[in-house]
Amino acid sequence: MELFKKYPKTFQWLFLLIVFFALCFAIEVPETYKFIRGQAEFVKDPNQSSYVFLGKEVRYYAFDVFWRLPPLLGWLPIWINDSLFFLMNEWMPIEVWNEDTQEFKSRPIVLQISRNLTAFMTFLIELIREILLGGLETIVAFTSWDWIDKNPWAELPGLPWTIVAAGAALLSYKLSGKGLALFAGLTMVYISVFGQWKPSMQTLSFILVAAPLSFIFGLGLGIAAFKSKRVEKALYPILLVMQTMPQYAVLVPALVLFGVGDHAAVIITMVVAIPPMILLTLLGLRAVPPEVIEAGRMSGCNNFQLMFKVLIPTARRDILIGVNQVIMVCFSMAVISAFIGAKGLGFNLLLALNQLNIGLALEAGLCISLIAILLDKMSLAWANKQTDYFGNLTFYQRNKNLLFFGVIFVIGIILAYIGTFLFKDTFNYLFEIPHNKGISTADFWNKGVDWIFETFFVYIKAFNTWLIQDVLQPMRALYLRMPAIATIVLVVGAGYLIGGLRSALVVCALTLFIALSPWWDRALVTAYMATFGVIVSCIIGFTVGTLCFQNKHSANFMLGVCDIFQTFPSFVYLIPVMMLFGITDTSVLIAVIVYATIPATRYTIEGLRSVPAGLHDAATMSGVNKFQRLTKIEFPLAFPHMMLGINQTIVFALFMVIIGAFIGTEDLGQYILKALSDKKGAGIGLTLGICVAFIALIFDNLIRAYVQKRKKHLGID
Amino acid sequence: MSEPVIKCENVYKIFGANAQKMLQDSNGNVDAKIFQENGCIVGVNNASFEVSKGEMLVVMGLSGSGKSTLLRCISRLTDATGGKIFIEGQNLLQLNNKDLIDLRRNKMGMVFQSFALLPHKTVVENIAFPLQIKGVKTEDSISKAMDMVKLVGLDGRENYFPRELSGGQQQRVGIARSLAVEPDIWFLDEPFSALDPLIRKEMQDEFLRLQEKLQKTIMFITHDFDEALKLADRIAIMKDGIIEQLDTPANIVLNPATEYVRKFTEEVPREKVLLIEDVMETSQENLGNLKVSKDEIIENVAEKILTQEKAVAVIDEDNKIIGSINPSKIINTVFGGRKNNN
């Protein structure tokens with residue numbers, strides 16, 4: 001009794017665990033239960049039960065409700081799907097003037113809006129693409145195909161790669177200096193020489209449309225949310241779900257709404273990239289000290305000046321992180337949206353992965369990563385740029401970069417012109433090096449992969465078998481063995497113990513949504529893969545982070561590495577693991593671990609750094625040694641921040657698990673991938689996405705509640 | 001006397017949802033306790049005063065006394081709940097947004113406790129900021145800002161960022177920024193509170209030097225009574241939103257209006273605050289040879305007076321004898337009578 005009073009929390013947890021295990025053991029696995037026979041597959045089977053809701057028939061295998069809840073939400077995906085189709089094809093028809101047939105035509109309003117948006121996006125992308133690569137579409141957009149036929153000279157010629165490369169280097173030089181200029185130049189030359197020019201420029205044109213638009217909308221909505229509580233309240237839940245929704249899942253509804261192609265990819269990229277931008281804008285604006293705002297007001301700023309000259313520049317740090325996120329998401333989506341027909345490096349990457357041509361995939365992946373890093377660094381340098389007021393500059397000095405570019409432009413054109421004579425019978429290498437005519441290292445890599453496979457096959461195979469048979473399979477079996485009721489009790493109980501009634505209710509609602517959807521089993525598999533990934537990532541991340549923290553330089557170095565790794569599109573992580581482990585769950589899990597270790601490491605270092613210096617001194621003076629200081633002072637104080645890292649780790653892990661479906665895992669991601677090729681997939685894709693988002697949000701909710709409590713307890717802000 | 005530059009009439013600032021209505025119901029009789037029970041917090045309670053041209057009014061109070069809130073009402077960073085505020089005869093609370101912005105762009109400057117510099121701008125950009133906001137051309141604003149940089153003694157550091165400066169230097173930037181538009185009215189919200197004592201003293205002296213040159217109308221907020229005594233033409237002492245006493249430093253030391261004010265004055269070395277004028281007698285009999293000016297601080301002439309046997313003559317600017325002071329009076333002022341209110 002005494003003991004019970006002393007540690008009430010411990011006993012409450014113990015009690016929760018006892019209830020959980022009791023439920024697990026009390027409820028037997030039904031004999032008819034077979035995981036692989038997916039409940040979501042709507043095949044006719046006399047053993048299935050069914051019900052009709054809102055006119056949609058739902059078929060499922062019925063079990064004891066304690067074992068698996070019936071999919072009472074099974075109608076939702078079908079309903080979403082039908083509603084979407086209704087919106088697109090029937091709702092609110094309006095009269096539209098058709099230029100070609102010269103008559104009015106009736107069209108649903110949503111379809112019309114979607115068409116207009118699509119046309120606009122296509123125009124933007126084509127404009128940039130044709131400046132870089134040449135083409136007709138832009139001129140056609142202003143005139144017509146007939147006009148082009150009569151005036152065959154009217155074609156945007158595209159820039160020779162030499163001009164783009166030198167221009168990028170020059171711009172980098174102006175923004176930041178020699179280092180970045182060198183990097184930009186080398187990147188561009190690499191891309192060109194290795195024959196990736198065309199897809200790279202296609203991807204670049206896609207990014208150059210998607211990233212600025214996402215930035216502007218994100219900033220605008222962030223400002224709106226900052227100014228009005230109501231807007232913020234309306235946006236917040238959407239933002240939460242969108243931030244944790246796997247990018248695959250949004251592709252499917254986009255297919256229905258916007259069709260296939262680059263324009264749809266841009267729109268969907270914006271949908272994914274805007275939420276983090278909004279959140280970070282809001283965060284940054286909130287953190288501006290009130291006195292700075294007052295100083296702005298007293299300087300006579302009107303509202304507009306206050307926002308754009310005081311608030312936003314002062315919040316620059318967070319907004320820049322937002323820009324970084326936008327760029328990251330854009331590149332990530334540049335690959336993923338290849339599924340819905342976006343051209344460029346992403347498409348090549350997917351194609352190569354599909355053909356198991358690791359070498360080609362590696363080249364495309366490297367290009368996309370290099371461009372991502374370059375753009376990230378350039379945007380950062382641009383934001384940090386200072387004006388020099390005192391230099392008494394001549395016209396030449398002020399405009400020398402522009403003049404210089406003019407010179408480069410002319411030289412580039414001349415070179416390209418000379419090229420037409422030099423390479424009369426082949427391609428003009430001074431204009432554009434075509435795909436597959438550049439140097440390719442693909443064979444080298446492929447041979448390397450083969451060599452690794454042949455040499456280490458035994459060991460890799462042994463490791464693989466061990467991992468799958470002795471770790472993963474049992475773990476998966478354990479997860480699937482949990483009766484639904486036990487899982488719900490465990491999660492809700494944890495919510496109650498950590499965050500009180502409110503937390504418990506939120507968590508309960510989220511869990512129930514998944515449990516009542518037709519994909520509970522798949523969700524469990526997703527959760528098991530994510531759990532495994534998160535645990536390993538956290539162990540690695542904490543260890544690496546702690547070790548690096550011991551020395552200032554290594555800590556900075558590690559944070560830099562994290563920055564760079566974070567800029568890689570998520571898909572790229574699949575390449576090296578496929579090189580080593582082929583198409584297995586192991587590959588996916590290792591990609592998950594690598595990807596999710598980034599936030600774990602970063603937050604560990606940042607958390608340890610946030611421990612006040614005064615405490616270090618106090619601890620040292622109390623005579624602790626390094627290890628004691630770490631365990632007694634630094635870890636407890638850094639823990640809340642590190643927990644936020646775990647939060648991010650979970651989101652990252654889930655994303656990668658879902659992407660891993662591409663290699664063939666049997667979790668929710670597999671269904672999302674299937675939904676992509678399903679005519680009626682939109683509702684399924686969206687619901688699955690929400691399920692994954694909810695898994696992340698359950699953990700998010702628990703961790704946040706815990707962190708808040710802990711911070712209050714420790715008296716940190 | 002000409003019109004006061006700042007004039008407050010029964011200014012109230014009450015925070016809370018239904019503050020306006022409660023204030024109306026209370027008929028000007030605001031009891032902080034009753035308001036608090038109803039979820040309202042009284043920031044400023046019935047403040048009335050005037051500040052005339054070139055005068056420095058120091059508002060002194062401990063934290064939470066409402067002094068900063070009062071300043072924010074007068075600069076209209078927050079809207080007063082009740083009362084009237086006139087800036088050079090203009091009714092501040094009725095100004096529309098455009099006029100208010102005009103007023104701030106041309107007439108007002110403000111210095112903040114935490115400096116409130118823009119972190120992304122250099123020293124000179126920070127100082128030029130109010131000018132650029134006003135629409136002054138970049139070159140002109142920068143050259144004007146450079147003048148200000150020199151005025152506050154930061155030459156050579158104009159291209160530094162705020163984060164590269166010490167606290168004292170940052171506040172110099174804050175001061176320069178607030179003066180860049182050449183305002184008539186200067187608000188300073190605890191400008192030196194965040195600084196080290198030595199730097200603080202240096203900045204106070206610097207501040208007095210500037211004020212002598214510029215002759216602005218000033219409202220200066222501080223929680224440091226010594227600072228108030230050193231700088232002020234007049235001091236307003238606030239407690240719980242109420243101005244307890246508003247008077248010259250000498251009068252506050254000699255005649256504290258309330259118990260609260262007296263507590264502050266107890267520890268004050270009077271000889272450092274009071275002038276001969278404040279303690280002299282009007283009788284002009286039995287005078288010795290020594291003459292002292294009525295504007296001398298007692299501390300500076302005490303030794304001279306104490307060596308006299310007869311009373312010392314007190315003269316004004318025109319060397320006319322206007323009164324006398326006994327050595328015993330000096331002893332009394334310095335050592336005695338602190339507890340029993342003169």
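How many residues of chain A are in contact with chain B?

1. The interface. The side of chain A that touches chain B involves 18 residues, in contact with 18 residues of chain B; two residues are in contact if their C-beta atoms, placed from the backbone, lie within 7 Å. Helix 13 (290-298) and helix 14 (303-314) of chain A are the elements that give two or more residues to this side. Helix 13 of chain A supplies the largest share, 6 residues. Helices (H or I, at least four residues) and strands (E, at least two) are DSSP runs, numbered from the N terminus. By class, the side of chain A that touches chain B has 8 nonpolar, 5 polar and 5 charged residues. Here Ala, Val, Leu, Ile, Met, Phe, Trp, Tyr, Cys and Pro count as nonpolar, Asp, Glu, Lys and Arg as charged, and the others, Gly among them, as polar.

2. Basis of the model. This is a predicted model, in which local features need pLDDT of at least 70 and side-chain atom pairs count only at pLDDT 80 or more, while totals for chains, interfaces and linings use all residues. Residues are numbered from 1 along each chain as its sequence is written, and chains are lettered from A and ligands numbered from 1 in the order in which they are written.

3. Chain A as a whole. Chain A has 29 helices and 4 strands. For its 717 residues, a compact globule would have a radius of gyration near 27 Å, and the 28 Å of chain A agrees with this; the radius is taken over C-alpha atoms, and the globule rule is 2.2 Å times the number of residues to the power 0.38. The C-alpha trace of chain A spans about 90 × 75 × 65 Å along its principal axes. Among contacts in chain A between residues at least 6 apart in sequence, 75% join residues at least 24 apart.

4. Burial in chain A. Of the 717 residues of chain A, 43% count as buried, that is, with 20 or more other C-beta atoms within 10 Å of their own, the C-beta atoms being placed from the backbone. One example is Val209(A), in helix 9 (residues 197-227) of chain A. Val209(A) is buried, with 26 other C-beta atoms within 10 Å. Not counting residues up to four places away in sequence, Val209(A) touches Met121(A), Leu124(A), Ile125(A), Ile128(A) and Val266(A).

5. Strand 7 of chain B. Since 5 of the 5 residues of strand 7 (residues 185-189) of chain B are buried, this strand is largely enclosed by the rest of the structure. Ile185(B), Phe187(B) and Asp189(B) cover one side, and Trp186(B) and Leu188(B) the other. Strand 7 of chain B pairs in the parallel sense with strand 6 (residues 108-111) of chain B over 4 bridges; two strands pair if DSSP finds at least two bridges between them. Strand 7 of chain B is also joined by 5 bridges to strand 8 (residues 217-222) of chain B, again running parallel, and Asp189(B) stands opposite Ile221(B) in strand 8.

6. A further sheet in chain B. Strands 11-12-13 of chain B form, in that order, an open sheet of 3 strands with mixed pairing. Strand 11 (287-293) and strand 13 (321-325) of chain B are at the edges, each with a single partner strand, so one side of each is left without a neighbour in the sheet. Strand 11 of chain B and strand 12 (residues 311-315) of chain B pair in the parallel sense over 4 bridges, and the bridge partner of Ser293(B) in strand 12 is Ile315(B).

Methods: A residue is buried if 20 or more other C-beta atoms lie within 10 Å of its own, exposed if 12 or fewer, and partly exposed in between; C-beta atoms are placed from the backbone.
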